[in-house]
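Hi,

Here is the structure I promised to pass on to you. Have a look through it first, and then read on for my notes.

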Amino acid sequence: MASLKLEHVKKVYDKNVVAVHDFNLEIKDKEFIVFVGPSGCGKSTTLRMIAGLEDISDGTLTIGDRVVNDVEPKDRDIAMVFQNYALYPHITVYENMAFSLRLRKMSNEEVHRRVCQAAEILGITEYLARKPKNLSGGQRQRVAIGRAIVREPQVFLMDEPLSNLDAKLRNQMRAEIILLRKRIDTTFIYVTHDQTEAMTLGDRIVIMKDGYIQQVGTPQEVFETPRNLFVAGFIGSPQMNFLKAKLVKASDGYQAELYGIKVPLSEEKCAKLAKKGVGSQDVILGVRPEHTMLSFDGNANTIEGTLRVNEMMGSELHLHVDLADGTSVILRIPTLELTEAQRASLAYGSKLRFTFPEKVAQLFDPKSEESLLF
Amino acid sequence: MAEKNTLAAQPKLRSKKGHERRTNGTIYTVLTIMSIIWLVPFVFLVLQSFRSYKLEKGGMVDYLLPKHFSLDNYAFLFEGSNFFSWCGKAILVGLIVAAAATLLIHLCGKALDKREGEDKGARILMIGGSLLVAFAALVALTAALQGFALAGKAGTLLIALALFMLVGFLMAKVYLKQDSKLLRSIPGYVVEDKHEGAKKLCTLALEFLVLSIIIQHMLAPMTASQYVRWYINTLTIALFTAVLQTAIVLSVSYALSRLRFKGRKLIMNSVLVLGLFPGFLTMITLYFLLKQLGLTQANAVPGLILIYCASSGMGYYISKGFFDTIPKSLDESARIDGATRFQVFLKIIMPLAKPIVIYTVLMAFMAPWGDYVFASYVAFGDPKGYNVAVGLYNWVNTNDFQNYFTRFCAGGVLVAVPITALFLALQKYYVEGVTGGAVKG
């Protein structure tokens with residue numbers, strides 16, 4: 001139960017490899033923060049610096065109102081769940097969970113009370129007498145979480161806790177973490193490379209790349225208003241389509257032109273662009289696959305493409321479409337909205353037309369890769 | 001078609017089997033011959049040790065089997081020593097004390113279990129009280145058996161008391177923690193390790209037995225013959241070296257495996273290069289250094305312990321390799337859980353590295369046990385400081401070597417017994433230790 005403050009935190013490994021550049025973030029008390037990014041982006045390093053497992057090369061880290069740069073991990077009052085569980089193999093689940101409490105010289109009764117309580121929350125009471133090697137992956141993960149919650153720590157750190165589980169178990173554990181979070185209301189920092197986990201778990205998401213923070217925001221913010229091309233591409237699955245377009249400035253506003261269609265932009269967007277002083281220029285227009293619509297009525301203001309792959313996902317179709325200039329886009333079309341005839345027409349190599357609503361379009365500068373609407 | 005194929009394949013299979021049998025036969029024959037050749041000297045040595053030095057001639061005889069099997073040689077080794085009666089007494093006292101103390105602690109634990117939640121002071125009082133009673137019993141028993149004037153031994157007694165209380169208290173604590181009522185309330189607790197309680201009690205009893213013998217030794221040291229003295233010297237050197245060297249080797253390996261400090265690579269490389277020089281290059285220097293410290297001749301035992309332990313950190317390779325295979329996240333997890341580096345080492349790494357610990361102890365014990373080179377020059381000229389190897393060599397290096405030869409053999413057999421037993425008992429760990437560094441995942 002504490003707030004965290006990272007100011008200008010930097011990590012330099014020897015031989016001058018910079019893993020994290022100038023990391024600034026304020027984490028509120030009882031907030032669930034998710035660090036997300038591709039591997040090697042510095043998210044785990046940042047977490048390990050918060051845990052005290054890595055030295056902080058520069059900057060200050062404050063937990064509560066205490067600067068903890070040089071505080072040993074054991075004195076930071078944090079708990080951490082590791083990707084490979086890191087359960088102590090030679091002692092029982094009970095002793096695994098009691099380990100930290102025993103080190104704190106807690107009385108046997110108190111240890112027992114806490115361990116049993118945590119075991120009950122996680123549903124592992126019947127495994128308490130087993131050794132970790134006799135547990136399944138999901139059970140081990142629960143024990144690892146249990147070992148962290150018995151301590152009632154100020155900050156709860158989780159380093160890709162679900163990535164060793166199979167897909168089904170992962171979804172189940174994700175839901176359990178959401179429930180767990182409701183029961184033990186404390187500050188969480190969660191590291192993952194999976195944007196689904198980030199979106200579903202986080203109060204706020206920190207998207208990182210190459211040691212820099214790309215964007216910090218609620219899941220909705222980063223989904224709807226990505227700050228740059230990287231964030232736009234990273235959040236959402238399948239990833240956002242990027243189309244080459246021309247931004248044309250007219251007297252009454254802006255419009256985007258691409259593949260022979262004209263998309264007049266809304267007043268809100270125009271105001272933002274005008275405020276930035278953007279003139280006519282090349283832009284990259286981003287549209288999420290789920291925001292596209294097929295057009296069967298021969299409307300001329302639609303983009304034409306050739307269907308290359310048709311993936312049937314059950315409730316929806318993923319259509320991989322090649323445009324005239326060879327750009328590949330993905331369309332996500334709900335199956336229910338299509339008639340039998342329309343579905344039948346979506347054969348390999350067939351021509352199709354699609355469009356998208358203006359309000360979902362994102363505009364990016366091709367050179368700086370920054371969003372023009374931010 | 002298929003049937004034909006199987007039919008055609010059968011004779012081939014049979015010939016393959018025959019071939020295998022022939023190969024195995026050859027291998028077994030060769031191995032048997034080799035082991036016979038290898039065993040002959042040992043059998044010969046054992047046989048010689050049973051040939052009386054009083055009735056038959058010493059080394060120069062033209063027959064293999066002794067004409068009179070006798071224990072004369074062994075008797076000679078213990079001549080003038082009260083070894084057997086001393087051991088008998090020590091073990092008897094030890095057993096009685098161990099049984100009494102263990103029972104007391106067991107009952108004490110049971111009583112405490114029933115009053116779960118009682119305050120700490122009461123616990124300490126109960127454990128301490130029972131230990132005091134156990135100690136009083138020990139003193140009374142020893143006094144009765146030895147007929148000793150205890151007044152003059154106040155200092156020894158005080159040390160013994162401290163030792164006894166310390167070990168006893170630690171053991172009692174462990175015992176109580178493991179067998180507490182709380183743990184037994186967990187579903188499935190009994191299933192995991194049925195004999196946990198019994199095992200703990202056995203260890204407890206063993207600790208008390210050893211302790212009692214140590215106290216016995218402090219109160220009434222045995223009178224030693226020459227051979228017994230050498231044997232005790234060797235045992236002392238080997239035990240101390242085993243403990244110290246293991247501690248040093250394991251901590252060096254752990255540090256090199258886990259900590260990243262400046263000069264780590266340099267240390268590892270220079271140790272590798274230094275290790276290429278044979279140890280006895282430093283012999284002369286070491287002798288003069290020890291001489292200046294007064295650790296030669298009669299004081300050779302501590303001097304030798306110093307020599308054997310001095311460079312033991314250099315043998316870190318195997319255990320470092322083993323530690324490297326234990327995931328680092330275990331260390332990290334324990335450190336976040338609140339353990340210091342030392343606690344991580346002791347509570348997490350040591351239990352996981354059991355094979356390598358045993359391997360290291362075994363190696364550290366065996367080297368000084370059979371060493372001749374260092375022992376011969378550090379103790380040079382004073383039989384009080386000899387170890388068994390040097391002492392026995394001096395027997396067959398005298399003018400009367402003929403006569404001493406069978407006694408030499410008997411001495412050799414007695415030296416071989418403990419190390420053989422140790423090796424057979426710990427063979428499993430030895431193999432795990434040798435291969436563990438490379439394979440264990």
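A word on terms before the notes: helices are DSSP runs of H or I with at least four residues, strands are DSSP runs of E with at least two, and both are numbered from the N terminus. Please also keep in mind that this is a predicted model.

**Chain A overall**

Chain A holds 10 helices and 20 strands. Along its principal axes, its C-alpha atoms fill a box of roughly 75 × 50 × 35 Å. Of its 374 residues, 40% are buried. If you take the contacts in chain A between residues at least 6 apart in sequence, 65% of them join residues at least 24 apart.

Where they touch, domain 1 gives 4 residues and domain 2 gives 4 residues. On the domain 1 side of that contact there are 3 nonpolar residues, 1 polar residue and no charged ones.

**Some residues of chain A**

Let me start with A:R114, which sits in helix α3 (residues 108-122) of chain A. Is A:R114 buried or exposed? The cut-off for a buried residue is 20 or more other C-beta atoms within 10 Å of its own. A:R114 has 20 other C-beta atoms within 10 Å, and therefore it is buried. Beyond its neighbours within four places in sequence, A:R114 is in contact with A:L101 and A:V150. The C-alpha atom of A:R114 is also 8.4 Å from that of A:A98, a residue 16 positions away along the chain.

A:E160 is another residue to look at. You will find A:E160 in the loop between β7 (155-159) and α5 (167-183) of chain A. Its phi is near 45°, a positive value in a residue other than glycine. A:E160 counts as buried because it has 20 C-beta neighbours inside 10 Å.

A:E369 also has a positive phi in a residue other than glycine, here near 65°. A:E369 belongs to the segment after β20 (362-364) of chain A. With 15 C-beta neighbours inside 10 Å, A:E369 counts as partly exposed.

Next comes A:M199, in helix α6 (residues 195-201) of chain A. A:M199 has 19 C-beta neighbours inside 10 Å, so it counts as partly exposed. Its C-alpha atom and that of A:F223 are 8.7 Å apart, while 24 residues separate the two along the chain.

A:P238 lies in the loop between α8 (229-234) and β11 (241-250) of chain A.

**Chain B overall**

Chain B has 19 helices and 0 strands. Buried residues account for 29% of its 441 residues. Among the contacts in chain B with a separation of 6 or more, 78% are between residues 24 or more positions apart.

**A helix pair in chain B**

Two packed helices are described by the angle between their axes and the distance between the axes. In chain B, the axes of helix α9 (residues 226-258) and helix α13 (residues 317-325) come within 8 Å and cross at roughly 50°. That angle makes α9(B) oblique to α13(B). The crossing of α9(B) past α13(B) is right-handed.

Which residues bring the two helices together? From α9(B) there are B:V249, B:L250, B:S253, B:Y254, B:L256 and B:S257, and they meet B:S319, B:K320, B:F323 and B:D324 of α13(B). By class, the residues of this contact are 5 nonpolar, 3 polar and 2 charged.

**Where the chains meet**

Finally, the contact between the chains: 23 residues of chain B are in contact with 27 residues of chain A. On the chain B side, the elements that give two or more residues are α7 (189-192), α14 (328-336) and α15 (341-352). Which element gives the most? That is α14(B), with 6 residues. The chain B side of this contact is made up of 12 nonpolar, 7 polar and 4 charged residues.

Enjoy exploring it, and do write back with any questions.

Best wishes

How values were computed:
Residues are numbered from 1 along each chain as its sequence is written. Chains are lettered from A and ligands numbered from 1 in the order in which they are written. This is a predicted model: local features need pLDDT of at least 70, side-chain atom pairs count only at pLDDT 80 or more; totals for chains, interfaces and linings use all residues. Axes are lines fitted to C-alpha atoms, for helices over the stretch in contact, and angles run from 0 to 180 degrees between N-to-C directions. Angles under 35 degrees count as roughly parallel, over 145 as roughly antiparallel, 65 to 115 as roughly perpendicular and the rest as oblique. A crossing is left-handed if the near helix is turned anticlockwise from the far one by less than a right angle, and right-handed if clockwise. Two residues are in contact if their C-beta atoms, placed from the backbone, lie within 7 Å. Ala, Val, Leu, Ile, Met, Phe, Trp, Tyr, Cys and Pro count as nonpolar, Asp, Glu, Lys and Arg as charged, and the others, Gly among them, as polar. A residue is buried if 20 or more other C-beta atoms lie within 10 Å of its own, exposed if 12 or fewer, and partly exposed in between; C-beta atoms are placed from the backbone.
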